Amino acid sequence: MLFHLYDRWGMPLANISCTKAIHTEQINGEDTLSISTGYPVVKGDHIVWRDPHGKWHEHIVDSGDDTHTSGNPVASWTCETSLAELYLKFVQQKVTGTNVRTMLGELLESTRWSVGLIDVEMLDETLEIEKGSTREGIQSIVEAAGSEVWASYSVNEYGITERFVNISKRGSDRGKRFTYTKDMAGVTRSVEPDFVYTAMYGYGKETDGVPLTFGSVNGGKNFLYDEEAMLLWGVPMADGSITNADGVYTNSDCDNVEQLVKETRAALDEAKQPRVSYSLNIIDLWSIDPERYPHEETELGDSILAIDQGFDPELRVAARVTEGSWDLLSYKDSTVTIGNYVSILSNSVTTLASDVKTLSAKSSEILETAPSKTESDETGLTTRWTYGDSSLALGTKGAALSFGSTKILLKGNKLTLTANGHIFDLSETLTLDGKEIAIKEVPESA
């Protein structure tokens, strides 16, 4: 792979070779190039290179070390995306509005960057940017739009001719599967140490010291909650009942009740289950030989499926690639991270069938041996039997049966199963697909 070196003013210096070249990139986060080379690179130089997908990148040499132990000296450098230069330009006058394209154009007026792809043209409410760097202003727009920021470039034989700031979601669903022993050498599952909240209070802009709330449009309640999440992640009480785990969302700039409800709902959806990510050690077959492996292409932002039969139960997770670290010289030792919202697509028939069978047997045992208690709570369950780590609740709005961490909830005509930290919709007839059970995970917003 060729790395084209330019000085900070855009004058070409050389095409350099590297003994190490690792590109690390996160959605809305880090974008660095780590290299080792014998060429005398200096801080502020620009490195331009094209990846196997045909996309150009530009990184600015930032920090590093020169080492001489034996043979020729070697320089090891960490290079930042050239988007970082926008941290050095500050907002000159207030930028305000709801049109993303117009606001981004105003922020970039005093820079050498142009407006690129935009996937959300209008914001839901007016955004004001009046201080900070241009890069921070761009991030404010990205967060308000619920989108992603990334750079792209036009290049000719003399170098970069134009730089673009894009605010649009990345990646696609190519149907790519990473499978252990084929193109996945290992997998690590990470659970974040955050609290899980099943209810979220929402507070907005203060007026005379009193924050905006949404009880007036939410039946007098200044919080939103998720019943199914509460049964799994709620707080157990001494009498055997379960209450919500309460969290707080605050946006001191929000002065619109409907918008506050929307933002609080989004905060609850993000916090109502543990944040889980999977780090996959992969062999990037497509980058090694795209003609031989035309269906193995993967980029940042893509939706993929990871399969590892070594887990018990078998690991099958689907999510977006949110981070990647690619070995640009061999592509045989790369890592991608998927998450934070990981969906279990299937478990073995025996695992789920065993859960259901155990729950059915436990229901009879609970009814026969456990004392009952009549109560009323927000789930609508009115009579509860508790026996050890098992419980059965029956009421006018539905029923809930739990055994350890596995639960079945019937509410109206909707039947859900909670297992392995995920909630599945069992309302429709279950069918068998080979060795897997056809189930549908409940969306986060349900």
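Residues are called buried under 20% relative accessible area, exposed over 50% and partly exposed in between (1.4 Å probe, protein chains only). The model is predicted: local features need pLDDT of at least 70 and side-chain atom pairs count only at pLDDT 80 or more, while totals for chains, interfaces and linings use all residues. Residues are numbered from 1 along each chain as its sequence is written, and side-chain values use heavy atoms, with hydrogens and water left out.

**View 1. Salt bridge of Arg174 and Glu299.** A salt bridge (a side-chain nitrogen of Lys or Arg within 4 Å of a carboxyl oxygen of Asp or Glu) joins Arg174 to Glu299, at 2.7 Å from N to O. Glu299 is buried because its relative accessible area is 13%. Arg174, at 34% relative accessibility, is partly exposed.

**View 2. Salt bridge of Arg174 and Glu297.** The closest N and O atoms of Glu297 and Arg174 are 3.3 Å apart in this salt bridge. The two residues are 123 residues apart and link distant parts of the chain. Glu297 counts as buried at 17% relative accessibility.

**View 3. Salt bridge of Asp226 and Lys272.** The side chains of Asp226 and Lys272 form a salt bridge of 2.9 Å, N to O. Asp226 is buried, with 6% relative accessibility, and Lys272 is likewise buried, with 8%.

**View 4. Network around Arg174.** Through salt bridges that share partners, Lys55, Arg174, Glu297, Glu299 and Asp302 are joined into one network. The count of salt bridges comes to 18.

Conventions
Helix = DSSP H or I, 4+ residues; strand = E, 2+ residues; numbered from the N terminus.
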